[in-house]
Amino acid sequence: MNVETILRNKGNWVATIRPDATVANAVNLLHRERIGAIVVSEDGIGVDGILSERDVVIALAEGGADLLARPVADIMTRTVITCDPSDTVGELMAEMTNRRIRHFPVVADGRPIGIVSIGDLVKSRLDEVEFEANSMRSFIAGA
């Protein structure tokens, strides 16, 4: 299975926030949408960074209570690892494991067209395994 198939099932909405928005705004968006990461984009089109729950926790531990008033640009991850719609679940799971990241913005023609999380990949893989098991049961039952 590839990323394009996951997005077809999950949807392609991407939460974005401007780099000059406050961390408080970002935290509210994460909470409201029940998501773990937001794409940071100056123009709403490109990917300038990503802000994850992990980024917020690290910044809170390092910077203390003033964090919420700071701009997202101060704490976002600037080097964003993205993926292509044709990438496979296996490839992304390996990359997430090696890089210790949990979210991949999916980019096509320089624009984010979705985002996949480790949870999306695990669900996809479990669905594949269940399908294979059901197919095998049907085959055996028909033999």
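I started with the largest pocket, whose volume comes to about 330 Å³. For my own reference, a pocket here is an open set of points on a 1 Å grid over the protein atoms alone, where a 1.4 Å probe fits, with protein on both sides within 12 Å along at least five of seven lines. Its volume is the space filled by probe spheres set on the points.

This is a predicted model, so I note that local features need pLDDT of at least 70 and side-chain atom pairs pLDDT 80 or more, while totals for linings use all residues. Residues are numbered from 1 along the chain.

Next I looked up the lining, meaning residues with an atom within 4 Å of a point. The largest pocket has 17 of them, with I50, S52, R54, I101 and R102 nearest its centre. Strand 3, helix 3 (53-63) and strand 4 (103-108) each give two or more, and helix 3 has the largest share, 3 residues. Helices (H or I, at least four residues) and strands (E, at least two) are DSSP runs. By class I get 6 nonpolar, 5 polar and 6 charged; Asp, Glu, Lys and Arg count as charged.

Then I turned to the second largest pocket, at about 200 Å³. It is lined by 15 residues, and K10, W13, I35, I115 and D120 are closest to its centre. Strand 5 (111-117) gives the largest share, 3 residues. This lining has 8 nonpolar, 5 polar and 2 charged residues.

Last, I checked confidence: pLDDT, which runs from 0 to 100, averages 92 over the chain. Helix 5 (residues 118-142) is lowest, at a mean of 80.

Conventions: Heavy atoms only, no water. pLDDT = per-residue confidence, 0-100.
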